[in-house]
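Q: I am new to this structure and would like to learn how to read its helices and its pocket, one feature at a time. Could you take me through them with care?

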Amino acid sequence: MKSSWIFSYSMVLLLCAVGICSCGYLKNERGQDVVAECCGQVLTVDDFRVHTAGFSAEDSARIADEYIKSWAIELLMYEGSHRVDSKKIEALVEDYRRSLYVYEYEQLLVAQRMSKEVPDSLIQSYYEQNKQHLILRETLLKGALIILPKDAPKIDNLHRHLSTLNKSESLEAVEKYVYQYGVGYELFVDEWKPSESVIACMPIELADLDRILAKNKLIEVKDSINIYMFQVVDFRSAGSVMPLDYARENIVANILGAQSKEFIRKTRQDLYDKSIKKGKLKRYEK
């Protein structure tokens with residue numbers, strides 16, 4: 001009963017600290033507001049304020065209750081843990097510490113000695129050999145997305161320029177037109193974009209996109225306010241092989257990752273061989 005009363009009292013202090021109710025609370029020697037004390041440790045407002053910021057009073061009370069309980073249990077368990085084998089713990093800590101140092105040293109060597117340049121020929125070779133693993137999960141698009149008011153003039157001229165977007169003069173004409181009459185415009189004739197992000201700007205169901213793309217290079221739909229146009233320059237359907245320019249970044253990361261592993265393996269082996277040669281490592285056979 002007494003421990004329950006102490007916990008409830010700590011809870012009240014904690015709620016006061018986050019501003020849920022108004023009352024005084026203790027301060028430690030550094031002038032910080034103390035909301036709980038356990039096993040010689042104190043919990044201050046600054047320790048948990050971020051966890052309750054922005055929540056309602058009810059949610060803050062629940063979060064505060066969970067936080068102080070977790071904090072106290074952790075300290076109580078740690079207090080009891082002093083009965084375990086400390087030598088075993090210290091050995092585990094030292095192993096972990098050594099592993100961290102080795103890992104950071106390996107990363108330093110990789111950064112200092114490994115080239116980050118990957119030849120195009122190697123990228124192409126990787127792409128050809130791993131196409132079965134480079135499958136699109138969603139349709140990709142290249143093109144131009146335009147949003148116009150329903151009364152926009154000279155639509156036929158815009159259609160004509162959109163049909164020849166590969167020409168610089170057509171691009172310039174489209175940009176000039178949209179600047180003058182458009183509501184919105186996004187040009188990505190040289191960049192793949194996921195279809196979901198494009199169609200989100202148009203009153204079209206994503207499930208209908210592949211069927212529409214099979215029949216039209218210019219998708220044009222209207223609602224009560226605007227005209228939405230998407231001129232398709234290129235597309236790749238979900239389930240097909242990724243275009244090389246889209247997969248390139250991941251391919252480079254995979255190649256560098258494999259090279260990094262091989263570099264570390266070879267560095268470790270060389271270090272081992274040299275330690276034997278120089279007598280730094282001595283092995284005693286039975």
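Q: Which helices each supply at least two residues of the lining of the largest pocket?

A: In this predicted model, α4 and α10 each supply at least two residues of that lining, and the largest share, 11 residues, comes from α10. The lining has 16 residues in total, and Tyr105, Leu109, Thr267, Arg268 and Leu271 are the ones that lie nearest the centre of the pocket.

Q: How much space lies in the largest pocket, and how do the residues of its lining divide by class?

A: The space in the largest pocket is about 440 Å³, while its lining divides into 7 nonpolar, 2 polar and 7 charged residues.

Q: How should I read the angle at which the axes of α4 and α10 cross?

A: An angle from 65 to 115 degrees counts as roughly perpendicular. Here the axes of α4, which covers residues 86–113, and α10, which covers residues 244–277, cross at roughly 110° and come within 10 Å, and the two helices are therefore roughly perpendicular to each other. As for handedness, α4 passes α10 in a right-handed crossing.

Q: Which residues of α4 and α10 meet?

A: From α4 come Val102, Glu106, Gln107, Leu109, Val110 and Arg113, and they meet Ser260, Phe263, Ile264, Thr267 and Arg268 of α10. By class, the residues of this contact of α4 with α10 are 5 nonpolar, 3 polar and 3 charged. Leu109, Thr267 and Arg268 take part in this contact, and these residues are also among those nearest the centre of the largest pocket.

Q: At what angle do the axes of α5 and α10 cross, and which residues make the contact?

A: The axes of α5, residues 120–129, and α10 come within 9 Å and cross at roughly 100°, so these helices too are roughly perpendicular to each other. On the α5 side the contact is made by Asp120, Leu122, Ile123, Gln124, Tyr126 and Tyr127, and on the α10 side by Leu244, Arg248, Ile251, Val252, Asn254, Ile255 and Gln259. The residues of the contact of α5 with α10 divide into 8 nonpolar, 3 polar and 2 charged.

Q: How do α6 and α7 pack, and is their crossing left-handed or right-handed?

A: Helix α6, residues 155–162, packs against α7, residues 168–181, at an angle of about 145°, with the axes 9 Å apart, and α6 passes α7 in a left-handed crossing. In α6, Ile155, Leu158, His161 and Leu162 meet Ser170, Ala173, Val174 and Tyr177 in α7, a contact with 6 nonpolar, 2 polar and no charged residues.

Notes. Residues numbered from 1 in each chain as written. Predicted model: local features only at pLDDT ≥ 70, side-chain atom pairs only at ≥ 80, totals over all residues. Heavy atoms only, no water. Axes fitted to C-alpha atoms, helices over the stretch in contact; angles between N-to-C directions. Helix = DSSP H or I, 4+ residues; strand = E, 2+ residues; numbered from the N terminus. Parallel < 35°, antiparallel > 145°, perpendicular 65-115°, else oblique. Left-handed = near helix turned anticlockwise from the far one by under 90°. Contact = heavy atoms within 4.5 Å. Nonpolar A, V, L, I, M, F, W, Y, C, P; charged D, E, K, R; others polar. 1 Å grid on protein atoms, 1.4 Å probe; cavity = no way out; pocket = protein on both sides within 12 Å on 5 of 7 lines; lining within 4 Å. Points joined across faces, edges and corners; volume = space filled by probe spheres on them.
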